[in-house]
Amino acid sequence: MTADLRAPTRPDVAPIQRRTLRLLFVTQIIGGVGVAIGISVGALLAARVAGTAVAGLAQSCGVVGAALLAVPVTRIMNGHGRRPGLVVAYLVGAVGALLVVLATVTGGVPLLFLGMLLFGGGTAANLQARYTAVDLAEPARRGRQLSLVVWATTIGSVAAPNFAALADGVTRGWGLPSLSGPFAFSAVAFGLAAVVLLLLLRPDPLLTARRLAAADAGTPPVAGTAASPVTDTAPGARRVGMRAAWRVVRGRPAARLGIAAVAVGHLVMVAVMAMTPVRLGESHSDADVLRVVGIVLSLHIAGMYAFSPVVGWLTDRLGRRAVILGGVGMLLAACAVAGTAGHHTPRLSVGLALLGLGWSATMVAGSTLLSEAVPAGVRPSVQGLSDLTMGLAGAGAAAASGFVMRVAGYPTLTLLAAIAAVPLVALALRRVPPTAPDEEE
């Protein structure tokens, strides 16, 4: 614990930040494996245990879990630092994965829903890690370092769906039912990420940032300026809750656009992605479906994460609103391609890759715009509010997707998802007066 209690000097910050980024890079790979390998078979498993009509509802439990867990995880981080918050989130995800395995063995639908709810802890940890990357970052490098952590998820997330069949085959030898194996491997991955962070994320970047800010209290820097490499935790900053954070966002059009971009992009992505494995299951046998789902979802996840550094560079180069609009365009194109693909798997794969790219653009540009649009003292709470809103939007989409799929089919689902993205265009095109977001209110 001495590493967390020592008050660092300014020259100490750079090596701490480099070590933090390396550690987050590794744990994002591990956590990405845990999330992706479970998600790749989640809809298929839920359809077999509970039926196709509620498969989307089971998937939405994971999204709801990630959203709801953002509140207590943010509270833990505010009070005790990033490390305990991330560790708790990963451990909750591991417990959820084990409950899903148990539900598959027993056929218990309520247990399946509870397991998927807690499984969202892995997603919550992966999302919060991107903010951990900027606690000690210089203002000019925040966007690039945030996108680097997002990009790290690519390695584990793209590879994981292709290991689903292998994991399933291994666990069948242990006597576990079909499709439960990937969730057993998710539990192991989340547990490993939690242990690595608990042992090695020292000193805690958020606590270190606060101590640096306190050391500057004699000559308080102007929050958000180049003279203050640590501004998100300024001295005396109020630790506000979600209600107060919403009041701040409500009065700032740029902040509203940032949250809307993240939420709408996630809604469209989840709605289409959640039912794509079921769509593929309609035209492929049990012997082939896991392999095909693995390939298609790998391309989709590559679109989500692999190009995030490029998206971050474009966000700085072209502007946040331009990249948000480009992301909406890709989401609309993705819905058009996937919705008209029929049972043509290569074309469906292209649609899912475009869907991932659109999500990446709205996520990176929206998160950057949101962080810049609010005062430094309320950023942690506003970031938690954004993750909560994003998760609830995705949960609603996932819950509805199963019913739409059963009643009207996959093409109608993609059409409704495209319609949901259109209002974001009008919001992004609105002209707003310039603000001074870093001024404390």
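Predicted model: local features only at pLDDT ≥ 70, side-chain atom pairs only at ≥ 80, totals over all residues.
Local features require pLDDT of at least 70 and side-chain atom pairs pLDDT 80 or more, while totals for chains, interfaces and linings use all residues. Residues are numbered from 1 along each chain as its sequence is written, and side-chain values use heavy atoms, without hydrogens and water.

Helices α11 (residues 253-281) and α17 (residues 410-429) have axes that come within 10 Å and cross at roughly 170°; helices are DSSP runs of H or I with at least four residues, numbered from the N terminus, and axes are lines fitted to C-alpha atoms over the stretch in contact, with angles from 0 to 180 degrees between N-to-C directions. Helix α11 is therefore roughly antiparallel to α17 (angle over 145 degrees). The contact (heavy atoms within 4.5 Å) includes L257, V264 and M275 of α11 and L413, A420 and L427 of α17. Its residues comprise 18 nonpolar, two polar and two charged (nonpolar: Ala, Val, Leu, Ile, Met, Phe, Trp, Tyr, Cys and Pro; charged: Asp, Glu, Lys and Arg; polar: the others, Gly among them).

Five aromatic pairs were found in the whole structure, a pair being rings of Phe, Tyr or Trp (its six-membered ring) with centres within 6.5 Å. The F25 and W151 rings have centres 5.7 Å apart and planes at 40°, so the pair is tilted (stacked is under 30 degrees, edge-to-face over 60, tilted the rest). F25 lies in helix α2 and W151 in helix α6, so this pair ties together parts 126 residues apart in sequence. F25 is partly exposed at 22% relative accessibility, and W151 is partly exposed at 27% (buried is under 20% relative accessible area, exposed over 50%, partly exposed in between; 1.4 Å probe, protein chains only). Y90 and F190 are both buried. Ring pairs link Y90, F119, F183 and F190 into a cluster.

Key: Helix = DSSP H or I, 4+ residues; strand = E, 2+ residues; numbered from the N terminus. Parallel < 35°, antiparallel > 145°, perpendicular 65-115°, else oblique.
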